[in-house]
Amino acid sequence: MSLLTLYVFECLAGVAALSILFVRNVFHAALLLIVCLISLAGVFVIYNAEFIAVTQILVYAGGVLVLIIFGIMLSSRLAGKPLQVKSQYVLPASLIGIFSATSLIQLFYKQQFFQQPVAKAGNPITQTGIALMSDFVLPFEVVGLLLLIALLGAAVTASSFYTKKQ
Amino acid sequence: MEHALILGVILFTAGLMTVITKRNAIMVLIGIELMLNAANLNLIVFNQNSPGLSGRFFALFVIVVAVCEAAVGLAIVLRVYKYYQTSEPDQINELKD
C-alpha cells in the first residue's frame with residue numbers, strides 16, 4: 001500500500017515536471033510546478049521526513065506560488081491575455097539533458113548506495129524539534145537572519161519608493 | 001537502487017532544460033526551483049542510510065534558501081521589466097543605458 005502510494009506520487013511529480021517543458025503558458029507552468037512540489041511532499045512523507053513535507057507544502061503552496069503568480073501578473077504587457085513563452089536552443093538543450101540524465105542514472109546504477117535503511121528510533125517530529133534547538137541552532141538562526149535580509153532586500157528592490165526621490 | 005533517485009534525475013533534467021530553453025525569466029526561476037527540489041529529494045533519500053538527521057536539516061535549510069532566491073529573483077525580474085519592458089533574459093544585455 002505504501003509502495004503503491006509512493007509510485008503514484010512519484011509518477012505525478014515526474015509527469016508534472018516534464019510537462020513544464022512543453023507548456024507555452026507561464027501560468028500553467030506555475031500550476032504544474034505546484035503539483036510537482038506537493039507530490040514531492042507526499043514522497044517525503046513516505047520517506048519518514050514529515051516535518052520537511054509540511055514545510056514544503058506551507059512554503060511552496062503558500063509563499064512561492066503567490067510570488068510567482070504576482071510576478072506573472074505584474075509582468076504581462078497585455079492585460080487579460082495569457083503570457084505565452086517561446087522556446088529556444090531546443091536541440092542543444094535536449095542533448096545536454098540526455099547527457100546529464102544518462103550519466104546520472106549510470107552513476108546511480110554503478111554505485112551500490114543502499115544495503116538496508118537504518119532504523120531510526122523514537123518519534124521523528126520530537127527528534128526534529130530537539131535537534132533544531134540543540135545541534136542545529138546556529139544554522140537555524142543564521143538561515144532565519146538570511147531570510148529576513150532577503151525579504152527586506154526584495155521589498156526594497158521591487159518598490160519604486162526609494163528611487164523616485166533622487 | 002532506489003527509484004526515487006530516478007525521480008530526482010528526471011526533476012533535475014527537466015529543470016536544467018527549462019532554464020536553457022525558455023525565453024522568460026519567470027520560467028527560468030521555475031526551472032531553478034525544480035533543480036533545487038531534485039537536490040532536496042536526494043538529500044532525504046540518502047538520509048535513510050545514515051543514523052543521524054543531518055540530511056533532513058540540510059533539506060530544510062535548502063527550502064529556506066530557495067524561498068530567498070525566489071523572492072529576490074522575482075523582485076529583480078519586476079524591476080527589470082519596468083525598465084526594459086521585457087522579461088526575456090537574452091534581450092537584457094546591458095547594465096546601464
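Analyst: In this predicted model, B:Glu88 and B:Arg23 form a salt bridge, with 2.9 Å between the closest N and O atoms. B:Glu88 is in the segment that follows helix 3 (54-84) of chain B, while B:Arg23 is in the loop between helix 1 (3-21) and helix 2 (25-47) of chain B, so the pair ties together parts that are 65 residues apart in sequence. Over all chains, the structure holds one salt bridge.

The next step is to the helices on either side of this pair. Helix 2 of chain B packs against helix 3 of chain B, their axes 9 Å apart and at an angle of about 175°. The two helices are therefore roughly antiparallel to each other, since an angle over 145 degrees counts as such. Sorted by class, the residues in the contact of helix 2 of chain B with helix 3 of chain B are 15 nonpolar, five polar and three charged.

Chain A has a helix pair that can be described in the same terms. The axes of helix 2 (residues 26-46) and helix 3 (residues 50-74) of chain A come within 9 Å and cross at roughly 175°. That crossing makes helix 2 of chain A roughly antiparallel to helix 3 of chain A. Their contact consists of 20 nonpolar residues, one polar residue and no charged residue. On the helix 2 side of chain A, the residues include A:Phe27, A:Leu33, A:Leu37 and A:Phe44. Helix 3 of chain A meets them with residues among which are A:Ile52, A:Gln56, A:Tyr60 and A:Ile69.

Helix 3 of chain B also takes part in a contact with chain A. Its axis and that of helix 5 of chain A come within 11 Å and cross at roughly 70°. That makes helix 5 of chain A roughly perpendicular to helix 3 of chain B. Here A:Pro124, A:Thr128, A:Ala131 and A:Leu132 meet B:Arg56, B:Phe57 and B:Leu60. By class, this contact of helix 5 of chain A with helix 3 of chain B has five nonpolar residues, one polar and one charged.

That leaves the contact between the chains as a whole. In it, 81 residues of chain A touch 65 residues of chain B. The size of an interface is often given as the accessible area lost when the parts come together. Between chain A and chain B the buried area is about 6800 Å², and carbon and sulfur atoms give 75% of it. There are zero salt bridges between the two chains, but 10 residue pairs are in polar contact. At least two residues of the side of chain A that touches chain B come from each of helix 1 (2-20), helix 2, helix 3, helix 4 (90-110), helix 5 (124-133) and helix 6 (137-158) of chain A. Helix 3 of chain A supplies the largest share, 12 residues. That side of chain A has 58 nonpolar, 19 polar and four charged residues.

How values were computed. Residues numbered from 1 in each chain as written. Chains lettered and ligands numbered in written order. Predicted model: local features only at pLDDT ≥ 70, side-chain atom pairs only at ≥ 80, totals over all residues. Heavy atoms only, no water. Axes fitted to C-alpha atoms, helices over the stretch in contact; angles between N-to-C directions. Helix = DSSP H or I, 4+ residues; strand = E, 2+ residues; numbered from the N terminus. Parallel < 35°, antiparallel > 145°, perpendicular 65-115°, else oblique. Contact = heavy atoms within 4.5 Å. Nonpolar A, V, L, I, M, F, W, Y, C, P; charged D, E, K, R; others polar. Buried area = accessible area lost by both parts, 1.4 Å probe. Salt bridge = Lys/Arg side-chain N within 4 Å of Asp/Glu carboxyl O. Polar contact = N/O pair within 3.5 Å; in protein donor to acceptor, adjacent residues only side chain to side chain.
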